[in-house]
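Me: Please take a close look at a single part of the structure shown here. I am new to it, and I would like a connected account of that part and its surroundings.

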Amino acid sequence: MNIYYIWLSTLPRFFVLLPAAASCYLPARGLMKYTPIKTAALCGSILVPFSLAGAWMHATLKTDVNTIIFPSLIVFFFLYRHTVKTDLPKTLSIYVGVCAIETFPAQFAYALDAHLHPLSNTASFSASAALFQFGLSCILMAAFASPARHQFSWVIEHLDSPKIWYSTLAVSSVFLIANVGATPQSYLILHTGRLSYLFPTLEGCALVLLVTVYVLFYWGGMGILEHARLEKRSQLLEIQAHQYQALQNHMQQTKRLRHDFRHSVRLLASLAEKGDLESIRAHINEYENRLSEHSPINYCTNITLNALFGYYHEMAVSAGVSTDWRIELPETLTVSELDMAALFGNLIENAIEGCRNLPENQRYFNLTAEIRHGNQLYIVSTNRFDGKIRKDKDGYLSTKHSGKGTGLVSIAAVAEKYQGSAQVSHNDREFFVDVVIKL
């Protein structure tokens, strides 16, 4: 009966893993590999039996609860990583951040237990303190649920900077290690001098400080993303200005040709009188070539994206890449022009960059964008490359730096934003990107 009571009173300490698991998935709600129900069932099928078995080990073998939980957190991390579609820096940052937050209910529970049972110690954690810890963990999860699901999840989905995420991980790790190191082994320590009220006060201040750090990180992330958005807008305006200048040059050229047209008419009349048909044909061909020499190409009816395609086509020509583009886009888009510019810009830049490592006569890039079924935009990109890739279980890695390529991540993010998908594949000669977007 005594063992059963210890087992039952210890269960809340292990059940703390349930709100902790939920807290890990709240900021990654848009990046889960499975549905919330399936993920909850998977976590429950692992954590509940683990909690029952862990509490039984504590009751029968007198094994310390923390000795059981802490090593298991490493295993749980790999299970968590398997169920989300975030890269390693983001996954670690979320997981360690939640672990750091979850150490505070334990610290407050130790303070309560020391007040209730001053002659006891952490090895004899009382049932009332365990229930208090579990309840406080649930309250913290509920308090952070809304900002985690909305504000922080948005930053996680859009901010792709491993350095920033690793710096956040470092801050969370400091608080986590500090709290683990500050765990009192004997409750008598908390009754020495002013520690009885200083300990919970300091823990409360530390919790507020950690939350403040997370809030500042959120605002900092928002500032970085806003700066990136403004840079994209500025780049798009520069591209439009470049295209406008090309159009102005074409207008000036045609103006001069129109001015000189009367001289051409006189020359053609003179040649016609002589019956010199070959010279007439040669003069007309030269006139047509000069007329079309600076003529801007219309890739689509949307003015902004047409300027974008013109800019990148010049880039492809400069890189010696042969292009075959067939683009069908409406004049007025029902989606963000910035998002579409980011998608096509990353798609084209990646393709051109992939061609650069080949001999110039082998470089080609085909791009097709067409609307099917009324509101589905299908984009197919095919380019030659040298066959060298870097890839892991999460997808393709950048060939320029460590980690995932930001271009492909951005393409996938835009596709998912508009209820679509992005599929990337390759063979030994060609690289393929297929995107579907709902307009």
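Reply: Strand S3 is largely enclosed by the rest of the structure, because seven of its nine residues are buried. Buried stands for under 20% relative accessible area, exposed for over 50%, and partly exposed for the range in between (1.4 Å probe, protein chains only). Helices (H or I, at least four residues) and strands (E, at least two) are DSSP runs numbered from the N terminus.

The model is predicted, so local features need pLDDT of at least 70 and side-chain atom pairs count only at pLDDT 80 or more, while totals for chains, interfaces and linings use all residues. Residues are numbered from 1 along each chain as its sequence is written, and side-chain values use heavy atoms, leaving out hydrogens and water.

S2 and S3 run antiparallel and are joined by eight bridges. Within this pairing, asparagine 366 stands opposite threonine 382 of S3. S2 and S3 form a hairpin with three residues between the strands, where histidine 373 takes a positive phi near 55°. S7 is also antiparallel to S3, with nine bridges joining the two. Here arginine 384 faces glutamate 430 of S7.

Charged side chains are the next point. A search of the whole structure finds four salt bridges, each a side-chain nitrogen of Lys or Arg within 4 Å of a carboxyl oxygen of Asp or Glu. One of them links glutamate 370 and arginine 372, at 2.7 Å from N to O. Glutamate 370 is partly exposed, its relative accessible area being 28%, and arginine 372 is partly exposed at 37%.

S3 (376-384) also belongs to the list of elements that contribute to the largest nonpolar core. This core has 39 residues, and those with the most contacts inside it are Phe309, Phe344 and Leu367. Such a core is a set of buried Ala, Val, Leu, Ile, Met, Phe, Trp, Tyr and Cys residues joined through side-chain atoms within 4.5 Å. Two or more residues come from each of H11 (303-318), S1 (322-327), H12 (337-355), S2 (364-372), S3 (376-384), H13 (406-417) and S7 (430-438). Helix H12 gives the most, with nine residues. Phenylalanine 309 is in contact (heavy atoms within 4.5 Å) with several residues beyond four places in sequence, including Trp325, Phe344, Ile348 and Leu367. A second, separate core has 36 residues, among them Leu17, Ala28, Leu31 and Tyr95. In soluble globular proteins, nonpolar side chains tend to be buried together.

H12 and H13 are also linked by charge. Aspartate 339 forms a salt bridge with lysine 417, their closest N and O atoms lying 2.7 Å apart. Aspartate 339 lies in H12 and lysine 417 in H13, so the pair ties together parts that are 78 residues apart in sequence. Aspartate 339 counts as buried at 15% relative accessibility, whereas lysine 417 counts as exposed at 52%. Another salt bridge joins aspartate 324 and arginine 326 (3.1 Å, N to O).

Of its 439 residues, 41% are buried. Among contacts with a separation of 6 or more, 73% involve residues 24 or more positions apart.

How values were computed: Pairing = 2+ DSSP bridges.
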